[in-house]
Amino acid sequence: MRFDVVVAGGGTAGCIMAARLSEDGNRSVCLVEAGPDYGRFDGGRWPADLLNGTRLAFSHSWETDREDRSQLRARVLGGCSAHNACVALRGASSDYEWGDGWSYAALEPYFDRAESMLRVSTVTRAELTPWHAAWAEAGGSDTILHPVNMVGSVRWNAAFAYLDPARARPNLTILADMLVDRIEGGALVSDRGEIQAETIVLAAGAYGSAAILLRSGLPPPVGENLRDHVGAGVGWGPTAKLVADVDALPMAQVSIRLRGGDVFLFPALGDGPEISAAAFAMKPWSTGRVRLNDRNPRTPPAIEHGFLTDARDAVGVAEGVDALRELAASPQVRPYVAREIRPGAEAESLAHARTAFRGFFHPVGTCALGIVADADGRVRDLDGVFVADASFLPELPRANTNLTVAAVAERLADGFARR
């Protein structure tokens with residue numbers, strides 16, 4: 001097989017790169033995805049859990065090398081946009097001052113474009129559940145009503161947004177259930193043979209793209225600089241009033257920013273109903289890395305998150321846990337909270353942060369701008385190879401990362417198309 005461009009990874013960035021680069025009918029583009037492709041949205045073949053935007057959906061997750069919920073990522077066309085919480089937030093403008101021509105001003109039109117394509121709309125006060133409305137009122141001016149990529153209750157993933165309008169193009173080929181191994185001699189090597197291409201774009205995510213480059217023989221700093229938001233949760237027993245008042249269970253509708261956005265509070269609502277909230281450090285100091293357990297592409301990579309290796313992060317998470325407890329005791333939220341059941345009211349916040357921490361499913365940075373890739377996404381030590389996904393981000397934005405990844409891919413695709 002031979003194409004002008006092959007894109008490895010069919011998540012948010014990969015869908016965008018394939019759709020945008022195939023707009024030129026003279027350019028042949030192949031999109032390779034390790035998981036299944038359920039076709040167009042209107043084809044009716046998508047599993048119900050992947051369509052339900054009110055719940056996380058982990059049915060199509062990659063295998064991990066150990067029990068580690070923080071590693072979970074989607075193995076399906078659409079990637080993590082097909083199983084996430086649908087929160088489509090932009091970070092603060094200062095989060096994008098990366099240098100080499102990258103800034104919020106440079107990304108702003110691409111944020112606008114991605115929001116339009118993903119059909120982002122903001123939850124209104126009238127749409128809030130009583131549980132989320134109570135937190136929104138208690139949070140006051142620090143409350144954010146979530147922009148979401150949902151159409152009704154349908155999770156409008158990147159495959160629907162970008163690939164459905166492009167599927168009929170004769171110059172676009174989508175190959176699903178194909179596992180990428182490495183890059184060798186200008187070809188993408190997979191479990192179903194080689195794909196020759198003038199240009200190879202890696203869009204397999206912060207774990208996957210780094211693993212492909214490591215299997216291709218590139219040494220660190222590939223895989224270094226792994227970053228993810230880190231946090232800890234609190235759970236409460238619901239009162240009879242909550243059970244009586246709640247008749248719908250959207251998981252995530254609001255968040256509350258503390259310390260200028262350095263800490264986020266996310267109240268959540270689950271089946272039961274189960275009520276909880278989590279506090280996350282959104283500008284963590286700690287970093288980790290991605291390594292190989294071996295060179296077999298079927299073996300999960302070794303993910304060393306590095307959570308709380310910098311003590312300042314535990315302090316930030318503990319401040320967030322304290323804030324959760326204060327808000328849970330507020331006049332607005334207290335009528336819905338019977339008692340704290342996780343970790344328990346007797347647990348000290350800092351100790352809880354240090355023992356019950358987890359990631360936010362927002363890994364970035366393992367093939368970062370200025371470290372592994374140049375400003376165009378070009379990998380410095382492999383001719384004709386680019387990265388265009390979360391691994392390219394040198395820093396975490398103070399927001400869920402899916403919209404940022406979409407804007408970055410839109411800008412990289414635009415720059416590629418102009419060359």
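Colleague: How many of the 11 residues of helix α6 (residues 205–215) are buried?

Modeller: This is a predicted model, in which local features need pLDDT of at least 70 and side-chain atom pairs count only at pLDDT 80 or more, whereas totals for chains, interfaces and linings use all residues. Residues are numbered from 1 along each chain as its sequence is written, and side-chain values use heavy atoms, with hydrogens and water left out.

In helix α6, 11 of the 11 residues are buried, so the helix is largely enclosed by the rest of the structure; buried here means under 20% relative accessible area, with exposed over 50% and partly exposed in between, for a 1.4 Å probe and protein chains only. Helices (H or I, at least four residues) and strands (E, at least two) are DSSP runs numbered from the N terminus. The buried residues of α6 are Gly205, Ala206, Tyr207, Gly208, Ser209, Ala210, Ala211, Ile212, Leu213, Leu214 and Arg215. The cover over them includes β9 (180–184), β11 (193–202), β16 (289–291), β17 (302–304) and β20 (385–387), where contact means heavy atoms within 4.5 Å. After α6 comes Gly217, whose phi is positive, near 100°.

Of the contacts in the chain with a separation of 6 or more, 74% are between residues 24 or more positions apart. The C-alpha trace spans about 65 × 45 × 40 Å along its principal axes.

Elsewhere in the chain, helix α1 (residues 12–21) packs with helix α10 (residues 402–418) at an angle of about 30°, their axes being 9 Å apart; axes are lines fitted to C-alpha atoms, for helices over the stretch in contact, and angles run from 0 to 180 degrees between N-to-C directions. The two helices α1 and α10 are therefore roughly parallel to each other, given that angles under 35 degrees count as roughly parallel, over 145 as roughly antiparallel, 65 to 115 as roughly perpendicular and the rest as oblique. On the α1 side the residues that meet α10 are Thr12, Ala13, Ile16, Met17, Arg20 and Leu21, and their partners in α10 include Val405, Ala409 and Phe416.

A second pair is formed by helix α4 (residues 130–139) and helix α8 (residues 311–328), whose axes come within 10 Å and cross at roughly 105°, which makes α4 roughly perpendicular to α8. Trp135, Ala138 and Gly139 of α4 make this contact with Leu324, Leu327 and Ala328 of α8.
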